[in-house]
Amino acid sequence: MDSSQGDAPSQQHADTRLVTSGRDTKAQKGFVNPPVVHGSTVLYPTAEDLHAHRGEFQYGRHGTPTTKALQETLMALEGPQCAGVGLAPSGLAAISTTLLSVLKAGDHLLVCDNVYRPSRNFCNGLLVRYGVETTYFDPLIGAGIAALFKSKTRAVLVEAPGSQSFEMPDIRAIADVAHARGALVIDDNTWATPLYHRSLDQGVDISMQAATKYVGGHSDIMFGTISANAKAWPLVAETIRLLGVCAGPDDVFLALRGMRTLSVRLAQHYRSGLDMARWLATRPEVARVLHPALETDPGHAIWKRDFTGASGLFSIVLKPAPQKAVDAMLDAVKLFGMGYSWGGFESLVIPFDCDSYRTATKWSPGGPTLRLHIGLENVDDLKADLDRGFAALKAAM
Ligand SMILES: *Cc1c(COP(=O)(O)O)cnc(C)c1O
């Protein structure tokens, strides 16, 4: 079979589309997967073809059979609003390329106060040098964002939920205001992926992901994707060309391989993550669990309206404890590794402090904060590991 057979892809469920899209069995001489094309030069058969730039592939930077397979699979997952997908060498490169696609000197940008910190650094660093002004806003602003628009406001950058504090902005309300003012909406959709959050269907013009996380899924690649609707895609495509942004072929292949199993991995992260979140909510050491799929979470109504699932990443606020006790807990756990990034098969824990960089809002959690990534280990083993951690916390108080 290939993706041209069976029901029209738009009629298939997302998990089927993840498996069937981007496959061209005949071109792959029967093999299920495309080759990893390491290529720069593409030969043209005749001078006429050369002059006319004729041919499906023209130069390695602009695409290969491997990148085509990944782009088709991502497009099938994003849905009918998606007009094109760009590939970048990291999630941050996907964000910077996206922002450079839509902004020019003199423009104004609105950025949600809970976005990934290096995204802020790009706005406060390079964009300032290029004459773009950024205003940060309260993640819970909703339609109130109208008051922050200026005549030169060109774009709004959101992340739902923010990947440390897990506040859930109302993207639909923000998009309605932005579109009425002629601005584009950019969503960092890394947490839910387009499998659980079809943001292009909900008013977002450009949805990007750090595919380093769940798409790759094995903590072994750096990768970014940029999916855009028909209004925004020409801007993104042109900027990718002008900047020379492209991704390495082995990483493209690994991202595609990750897509094939994304639905089963995410379902497991979702199930175990929510199980752990509920368990942690009953622990005496924990003051709050920040997970939008919990009925008690302030962002739950928006999550329920806009998302079909949750990933394995959430945070907890501990009851007040000295730093040394928290450190004792971190040192006592064995299955939870300490490290940045997430979305791989393994569980992780890191302490964080949003207030050290937020500017529009103060986020005063009232105790030490930890972010957990629930991996694919057995959830009872993970609970036993955290039990060990809590015992060490108490012993060091
Ligand atoms: C990790 C991350 C990024 C950046 O991705 P890299 O591949 O590390 O550059 C962007 N946004 C979010 C929400 C992330 O977690």
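## The ligand site

An oxygen atom of the ligand sits 2.8 Å from a polar backbone atom of G91. This is a polar contact, a pair of N or O atoms within 3.5 Å; within protein, one must be able to donate a hydrogen and the other to accept it, and residues adjacent in sequence count only if both atoms are side-chain atoms. On its own the ligand has 380 Å² of accessible area, and the protein covers 93% of that. Such areas come from the Shrake-Rupley method with a 1.4 Å probe; for residues, only the protein chains shown count as cover.

This is a predicted model: local features need pLDDT of at least 70, side-chain atom pairs count only at pLDDT 80 or more, and totals for chains, interfaces and linings use all residues. Residues are numbered from 1 along each chain as its sequence is written, and side-chain values use heavy atoms, with hydrogens and water left out.

## The shell around the ligand

The ligand is surrounded by 15 residues; G91, L92, D188, T212 and K213 are the closest. A residue counts as near if one of its heavy atoms lies within 4 Å. Helix α4 (residues 91–102) gives the largest share, 3 residues. Helices (H or I, at least four residues) and strands (E, at least two) are DSSP runs, numbered from the N terminus.

By class, the shell has 7 nonpolar, 5 polar and 3 charged residues. Ala, Val, Leu, Ile, Met, Phe, Trp, Tyr, Cys and Pro count as nonpolar, Asp, Glu, Lys and Arg as charged, and the others, Gly among them, as polar.

## Helix α9 and its partners

Helix α9 (residues 249–281) packs with helix α12 (residues 379–395) at about 35°, axes 11 Å apart. Axes are lines fitted to C-alpha atoms, for helices over the stretch in contact, and angles run from 0 to 180 degrees between N-to-C directions. Residues of α9 in this contact (heavy atoms within 4.5 Å) include M276 and W279, and those of α12 include L386 and F390. The classes here are 7 nonpolar, 1 polar and 3 charged.

Helix α3 (residues 65–78) also packs with α9 at about 35°, with axes 9 Å apart. Among the residues involved are L70 and L74 of α3, and F253 and L256 of α9. This contact has 11 nonpolar, 3 polar and 1 charged residues.

## Backbone details

Most residues other than glycine have a negative phi, and most peptide bonds are trans. A160 and P161 are joined by a cis peptide bond, with omega about -15°. P161 lies in the loop between β4 (153–159) and α6 (171–180).

K29 has a positive phi, near 50°. K29 is in the loop between α1 (14–20) and α2 (47–51).
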